[in-house]
Structures are given as C-alpha cells and as structure tokens.
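Please look at the structure first, then read the points by topic.

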Amino acid sequence: MAIASTSSSSCSPPYSHRNYVVSAPKFRLSYSFGKQPSFFGSKNMTKKLLTSAEKPRSGRPDPFTCSGSDPIRASASSQTFDVVIVGAGIIGLTVARQLLLGSDLSVAVVDKAVPCSGATGAGQGYLWMANKTPGSDIWELAMRSHELWRGLAESLREQGMDPLEHMGWKNTGSLLIGRTPEEVGVLKRQVKLLQDAGLRSEYLSASDLLSKEPALMVDNDSGAAFLPDDCQLDAQRTVDIILKANRHFSSKARYAEFFNDPVTSLLRAGSSGKVIGVQTVKNTLYSNKAIVVAAGCWSGSLVQDLFRDSGILLDVPVEPRKGHLLVLKNFSFLQLNHALMEAGYLDHETATQLPGSSTSVISDHGQNLSISMTVTLDAIGNLVIGSSRQFAGFSTEVEESVINLIWERAMDFFPKLREQPLSDFIGRREVRVGLRPYMHDGKPVIGPVPGLSNVLLATGHEGGGLSMALGTAEMVADMVLGNPEKVNSAPFAVQGRCC
C-alpha cells in the first residue's frame, strides 16, 4: 500500500512510495476559539494568545529533535502530556490538530506503525454527501465535517497556498448513477431528501447524464443524482500537511510523536484505578487530562487487551472490513469530468442490497465480498477505480481475483476500458488495500468510557473516516475541553453499544 511522504522536510517519516512533492508551508501560529481554525492557525493572530502559548508549563517534555530521515519522535523516556492519542490515522491526527489549535494543551500521538498506513491512506479521498441520508444518525456529523473541510481548503487559499497542490483538493461534484427503474426511484427520492436538507442536488435524466459524462454507458433506464458541491482530496497529501501543522507545536513543547511504538498497557493509579497514562514498547507516557483511543479497526482488540484486568466490561465491536482500490497512473484516454459512484454503493456500504440493485455481490466463504463501481481522477491524473468490501480478518494481502472483478465492474460502465486488457497496465498500476473499521450499526463510536471519563474512544467510521474526520476531531476536542457540543454526540456514545 502506497504511503506518502513530504520530501521537503528533513524530519519527515521515511515511508514514501509516491512521486509527488509537497512544498513546505510558512506556518502562522494563532488561535481562534470563535470559528474553525485553519491548518496553520487563523489569520487573526492575537499577541496575548501567542505569548501564552509560547510559555511551556512545568512538567511538559522538552522539545524533541530529529535528524536525517528518521520519523519525528521524542527520545525514549517517561514523559507527561495533557492528552495522549493512540492512533495516527486521520482521526487521531485531526484530534491532535484540533486540540493544538484550540487550546494550550500538550499532545502526544502514538502509533504501532506510521501515519496514514491504515484505511485513510488506501482510500479514494471522497468527501461526499451524495451517499449520506438526511436525518440519519451520521448526517449532522457528516455535514459539519464537510463544512469544516471546505473551510480548511479556503483557509489555504487565504494564506497563499493552492489546495489542489497541497492537499489534492478538487471540487469535482459527484454523480450517483442508477441503471434500473428501482435504482432510479431510489435516486429521485434521495435527491428530494438532499434538497429538503438544503444541499444543492438535482436528478439527471439519461440524456443529461450522458452530456456530463460522454464516456459513460447510458441507456433509457439510466439516471443520476448530481451534487455539484461534493469534493475529493488526496488523503496522503492532506495527512502530510496536517503533520506539518502539528509538528510546528513541537518547538513550544506541546507536541510529540511516537511512531512504530505499540501501546502495551494502560497505567492506572493504585487506589482510584484512574487511567493516568499508557505504556508503549519504548516509552511511558503519562496523561494529565485525557487519553483518546483512535486506532481504527485495531481499536476493538486493543481496548480488549488494555482493559482485560480492569474490572470494566468493555467490548468495542469494530471489525476490519477489507477494501481494494486499483490505481492506473497517468491515465489519459478516458474522459472523466466528475467523481462517479453506482447507486449500488449505498447497499455496498451496508452489506445489504436494494431491490433491483445491480451491485455485484459474491458470497465467498462468509466474507460477503461485494464489488461496486467508483471511479475518479485524482489530482495528478491517475484513474482511481474501486471498490471492494469483504470481511477477511486483518489480512491486507492483494487479491488479484478481487482486482479483476473491480476492473470488470468498471468496464460495465465505461466501454472504452474494454479496448485494453488490465495486463497492459501492469507497469503503471498500483493497488491499495486498507482495512475499514466497521461497526454493524453503521456509525462510529465517539465518547468517554463509562466509569473512566478521561478515556475516550473515536473509532468505527468504516469508509467515512476521512469525510467525518474534522467533525469527529471537533467533537472529541469539545469533550476534552468541556465545550458546548456543536453536533449531538448521543448517537455515537459508548454506553449501550460497547458496555
């Protein structure tokens, strides 16, 4: 699986397999409590806040140093932070960013591997509302995250940086395509719901759809839901830029990373039993205020291990759901104007089928393998084709049979792909495999563990981790800081779902 790096930083983790370069931004440090801050802080800097943030409090770790191409990591020791975050995926890193920009707390991020090496790095980067249902439990969170992502892209523009270059940001618009009367009926109802919820959306007839995507196979039964404001980004570029922003706070003794350093146990106070930190293979990390577990599909087994001897019954039923994506590099002979997804993706997400759905669903020894067409062009002209979902444990092995099914499904929608066999692209193809953290009730777990208010979970986003990341980060940070909720957190509570 390809993992991105930033070649402009001498402290960047050595995990690059991509050929793009992200230039180093000029950091602006400030805090904005009234609105969502930018990647590098609000433009409205105040001297008082800046001066306060530059004064490390006693008990904070000394700033760490790095050299060569080694990952940034504090030297092995016993250290104290206000918040320790377990997991360096998009959820953990954006929670860290939110706390760093929205408070004066110190934050440590610890992970058994390196950033973006899980589901996020293997995804297509969709920030879609087309496949979300107004009024559902995740609707408000998805809407809030979408708003925050747009705000961050705009903040880059305001600071003289091109969002396309720095985070692969594209306002592609999305097309959710139906090819049967049943699917078209579902899409018409979806468009009405989205319009009533205040989103720009429209139903496209077969002729209107063909005019927008001439390379698409369209017949009289075809139609589409079109959302012109849906976006996409490059997750790995975006993680790079979030890491840069977070690392700026290391010089203030407020941020440190502990990568390739698995957590082995919780540290508890003797009499009260309160969790006061985590033990890793290499370090002891104490926490003054909170510990956040955001370890994706590994959160369930990790929590089970960490709480085994605690007397607290906690079962986080998050499962790994394997997904493949096929990337064809520098793909130029297929015209593509928007990001596309077949209507069957809606039931592909939930492992059920709509009546009349044409999603390819294969039963494979209980893995419930499903293939659903998703196609987009990324920021550097690669064709990204998906997608698969299956339950195969924690295996990330590439399965050629699944890749072939993805290719065949794409050919059903784009006849031009039939002109060349997939074998012709073997020299310039990439396969991404990731494990989505799947919850059977279709929504993430976000909130404190009952009886241990300083331990919070943030996991189970399945394929929506990227699209819901900023809203989740805001929600977790508000819980830690005691701020009023901006989105109702009750549907995501731990109580009643994990204990």
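Axes here are lines fitted to C-alpha atoms, for helices over the stretch in contact, and angles run from 0 to 180 degrees between N-to-C directions. Helices (H or I, at least four residues) and strands (E, at least two) are DSSP runs, numbered from the N terminus. This is a predicted model, in which local features need pLDDT of at least 70, side-chain atom pairs count only at pLDDT 80 or more, and totals for chains, interfaces and linings use all residues. Residues are numbered from 1 along each chain as its sequence is written, and side-chain values use heavy atoms, without hydrogens and water.

**Helix 2 and helix 11**
- The axes of helix 2 (residues 90–102) and helix 11 (residues 469–481) come within 8 Å, crossing at roughly 50°.

**Helix 3 and helix 11**
- Helix 3 (residues 139–158) and helix 11 have axes that come within 6 Å and cross at roughly 105°.
- That makes helix 3 roughly perpendicular to helix 11.
- In contact (heavy atoms within 4.5 Å), L141, R144, S145, L148, W149 and L152 of helix 3 meet A469, L470, G471, T472, E474 and M475 of helix 11.

**Helix 8**
- In helix 8 (residues 299–306), S299, G300, L302, V303 and L306 are buried (under 20% relative accessible area, 1.4 Å probe, protein chains only).
- These buried residues pack against strand 1 (78–86), strand 9 (263–268), strand 11 (284–293) and strand 19 (452–459).

Notes: Buried means under 20% relative accessible area, exposed over 50%, partly exposed in between (1.4 Å probe, protein chains only). Angles under 35 degrees count as roughly parallel, over 145 as roughly antiparallel, 65 to 115 as roughly perpendicular and the rest as oblique.
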